[in-house]
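User: Hello! Could you walk me through this structure with some questions and answers?

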Amino acid sequence: MLAKNPYRGKYVVFEGIDGSGKDTQISLLEPELIKKSIKYVRTAEPTTFLPTGLLIKALLRGRYNFDPRTTTLLFLADSHEHLRLKVIPHLKKGHWVISSRSFLSTLAYQTTLGVEEEFIESILDRLDFILPDTIILLDVDAETALSRKGKEKVKQIYEEKDFLENVRTAYLKFAKRFDFIHVIDGSRDPFEIAEDVRRILGFI
Ligand SMILES: Nc1ncnc2c1ncn2[C@@H]1O[C@H](COP(=O)(O)OP(=O)(O)OP(=O)(O)O)[C@@H](O)[C@H]1O
Ligand SMILES: [Mg+2]
């Protein structure tokens, strides 16, 4: 199915529902990478530098009521171009790539919206996606995650409790399938979580 990362650099992805703490943990990891003189790039999906990412952003803020399958195609298009244009070029140079989200978000969110897993997997196959070396799944219940996001002004269509609880369950299901997905309890103190992350990455 999906190919392993064949390049020199390490591809590390943070996953979890909205508000699970992905960006917080990436920010706590950055000083460690700098201390170790690891060349890296910080990035995210949906992208902010491609028109596909901008389209998705509009979709998430609006009430367009797209067919979940066409939304899925948009996410996968953005993810694929992100890999081609940013992730892979850095990996080829031996840089680490640290990303908030990946194809796994599409699997978790869009299957929760009723899209067939096979539909997504067939596209992942045909577009030659590569797998991250490590995915860190920050597991938090929807209520906790949403209460963290409560401070933000702009609400997105996926930020609804029952839906996010189902996405969480989907994430945990996929995590059992891949041995490179490490599930950690994201409800704890951010610094405790960051220590787990350093352990998973072999830093301590
Ligand atoms: N372990 C934690 N404990 C308490 N609050 C946290 C923790 N981690 C992050 N937060 C807070 O929760 C909010 C959301 O965190 P963050 O932006 O890192 O999540 P995210 O997973 O990147 O969210 P999104 O999916 O929306 O991008 C922020 O206000 C952040 O300070
Ligand atoms: Mg984030």
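Analyst: Happy to; here come some ground rules, then the questions in turn.

This is a predicted model, in which local features need pLDDT of at least 70 and side-chain atom pairs count only at pLDDT 80 or more, while totals for chains, interfaces and linings use all residues. Residues are numbered from 1 along each chain as its sequence is written, and chains are lettered from A and ligands numbered from 1 in the order in which they are written.

User: Which helix gives the most residues to the shell around ligand 1?

Analyst: The shell holds 13 residues, with Gly21, Lys22, Asp23, Thr24 and Arg148 the closest; a residue is near a molecule if its C-beta atom, placed from the backbone, lies within 6 Å of it. Helices H1 (22–35), H6 (142–149) and H8 (190–200) each give two or more residues, where helices (H or I, at least four residues) and strands (E, at least two) are DSSP runs numbered from the N terminus. With three residues, the top contributor is H1.

User: How many residues of the shell around ligand 1 are charged?

Analyst: Here Ala, Val, Leu, Ile, Met, Phe, Trp, Tyr, Cys and Pro count as nonpolar, Asp, Glu, Lys and Arg as charged, and the others, Gly among them, as polar. The shell has two nonpolar and six polar residues, and the charged ones number five.

User: What is the orientation of H3 to H4?

Analyst: H3 (residues 68–92) and H4 (residues 103–112) pack at about 170 degrees, with axes 10 Å apart; axes are lines fitted to C-alpha atoms, for helices over the stretch in contact, and angles run from 0 to 180 degrees between N-to-C directions. Angles under 35 degrees count as roughly parallel, over 145 as roughly antiparallel, 65 to 115 as roughly perpendicular and the rest as oblique. The pair is therefore roughly antiparallel.

User: And which handedness does the crossing of H6 and H7 have?

Analyst: The axes of H6 and H7 (residues 161–177) come within 9 Å and cross at roughly 125 degrees, so the two helices are oblique to each other. A crossing is left-handed if the near helix is turned anticlockwise from the far one by less than a right angle, and right-handed if clockwise. This one is right-handed.

User: Is Ile135 buried or exposed?

Analyst: Ile135 lies in strand S4 (residues 134–139). A residue is buried if 20 or more other C-beta atoms lie within 10 Å of its own, exposed if 12 or fewer, and partly exposed in between, with C-beta atoms placed from the backbone. Because 26 other C-beta atoms lie within 10 Å, Ile135 is buried.

User: Which residues does Ile56 contact beyond its neighbours within four places in sequence?

Analyst: Ile56 sits in helix H2 (residues 51–61) and is buried, with 20 other C-beta atoms within 10 Å. Contact requires C-beta atoms, placed from the backbone, to lie within 7 Å. By that rule, its partners are Pro46, Leu74, Phe75 and Asp78.

User: What is the omega of the peptide bond from Glu45 to Pro46?

Analyst: Most peptide bonds are trans. Pro46 is in the loop between strand S2 (40–44) and H2. The bond from Glu45 to Pro46 is cis, with omega near -5 degrees.

User: Is Arg101 buried or exposed?

Analyst: Arg101 lies in the loop between strand S3 (96–100) and H4, and its phi is positive, near 80 degrees. Since 22 C-beta neighbours fall inside 10 Å, Arg101 counts as buried.

Note on methods: Two residues are in contact if their C-beta atoms, placed from the backbone, lie within 7 Å.
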